[in-house]
Amino acid sequence: MSIKTIIVYLSSLFLIGCSSGQNDKSIIIIPGPPQDLGWEFEQTPFWQDEFDYNGLPDPGKWGYDIGGSGWGNNELQYYTDQIENARSENGILTITARKEDYEGKSYTSTRLVSRTKGDLLYGRVEVRAKVPAGKGTWPAIWMLPTDWEYGGWPKSGEIDIMEHVGYDPEVIHMSTHCEAYYWVLNNQKTATRKVSGAITNFQVYRIDWTPFAIKGYINGQHLFTSYNEGTGYAAWPFDKRFHIILNVAVGGHWGGAQGIDDTSFPASMEVDYVRFYRMIPK
């Protein structure tokens with residue numbers, strides 16, 4: 001019997017009844033953590049945006065989260081769908097945070113989402129991007145669940161492919177958050193790396209997402225792993241479809257922890273491409 005067959009068998013086995021005289025007992029079989037089956041990924045993206053057009057982001061691939069609610073982080077910007085905040089030109093998407101009064105806020109920016117237009121359950125996500133400089137900026141490339149099947153944040157999970165805060169230049173963060181492990185508990189699964197040139201040059205940020213783990217890479221170098229413990233959704237809600245988010249926040253609990261330098265604005269994150277690759281089943 002192959003290892004794969006054993007895993008499938010154990011995963012489908014829930015109860016074994018055993019009898020001893022009048023004492024009937026049930027033995028509950030709890031499968032262990034998933035095994036790494038060495039999943040690979042297709043070589044051609046099944047969903048992508050190369051931004052090889054001019055104007056607003058492609059409405060067939062992108063939508064917007066709009067508003068100035070603070071977004072759970074005390075952020076100071078108002079997210080818009082205006083071309084001044086998100087523009088594709090010369091093969092590059094530019095998301096720009098601007099210092100301007102708008103709808104009661106002092107800054108504008110964009111939070112671009114692929115929700116229901118580009119969703120993924122397991123696979124490779126690759127984004128080539130350059131982050132802005134400036135204290136108070138908080139750019140991110142990240143993923144949220146499309147359907148929130150396990151409940152509101154953090155129960156249904158969050159995958160942070162890249163986060164950067166302007167007061168800590170060129171330090172890149174990768175993380176996952178869930179009910180059992182998230183930033184409020186200060187036990188999120190996370191890793192950081194100083195990336196020389198993150199502000200001045202494009203870098204490739206990537207995750208490889210399988211039933212076994214979410215692994216993060218910068219320019220092909222492994223940085224981060226979040227393993228599936230096999231204990232249920234509280235520690236691993238990452239078995240549902242997610243979508244990608246591109247945004248530049250201003251201030252907030254983390255981004256504004258050391259204040260905001262208004263001379264930094266306008267501040268832009270530039271994105272060369274976003275690509276999704278399917279995982280090859282085993």
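**Aromatic contacts in the predicted model**

The structure holds 16 aromatic pairs, a pair being two rings of Phe, Tyr or Trp (its six-membered ring) whose centres lie within 6.5 Å, with planes under 30 degrees apart counted as stacked, over 60 as edge-to-face and the rest as tilted. One of them, between Phe212 and Tyr227, is edge-to-face, with 5.4 Å from centre to centre and 70 degrees between the planes. Phe212 lies in the loop between strand 17 (203-209) and strand 18 (213-218) and Tyr227 in strand 19 (residues 221-227), so the pair ties together parts that are 15 residues apart in sequence; strands are DSSP runs (E, at least two residues), numbered from the N terminus. Phe212 is buried at 17% relative accessibility, whereas Tyr227, at 44%, is partly exposed; buried means under 20% relative accessible area, exposed over 50%, and partly exposed in between (1.4 Å probe, protein chains only).

The planes of Trp236 and Phe238 meet at 80 degrees with ring centres 5.2 Å apart, so this pair is also edge-to-face. Both Trp236 and Phe238 are buried. A single aromatic cluster is formed by Phe46, Trp47, Phe51, Tyr53, Trp62 and Phe276.

Charged side chains also meet rings: Lys189 lies over the face of Tyr181, 4.7 Å from the ring centre, and Arg206 over that of Tyr217, at 4.0 Å. Here NZ of Lys or CZ of Arg must be within 6 Å of the ring centre and within 35 degrees of the ring normal.

This is a predicted model, in which local features need pLDDT of at least 70 and side-chain atom pairs count only at pLDDT 80 or more, while totals for chains, interfaces and linings use all residues. Residues are numbered from 1 along each chain as its sequence is written, and side-chain values use heavy atoms, without hydrogens and water.

Note on methods: Helices (H or I, at least four residues) and strands (E, at least two) are DSSP runs, numbered from the N terminus.
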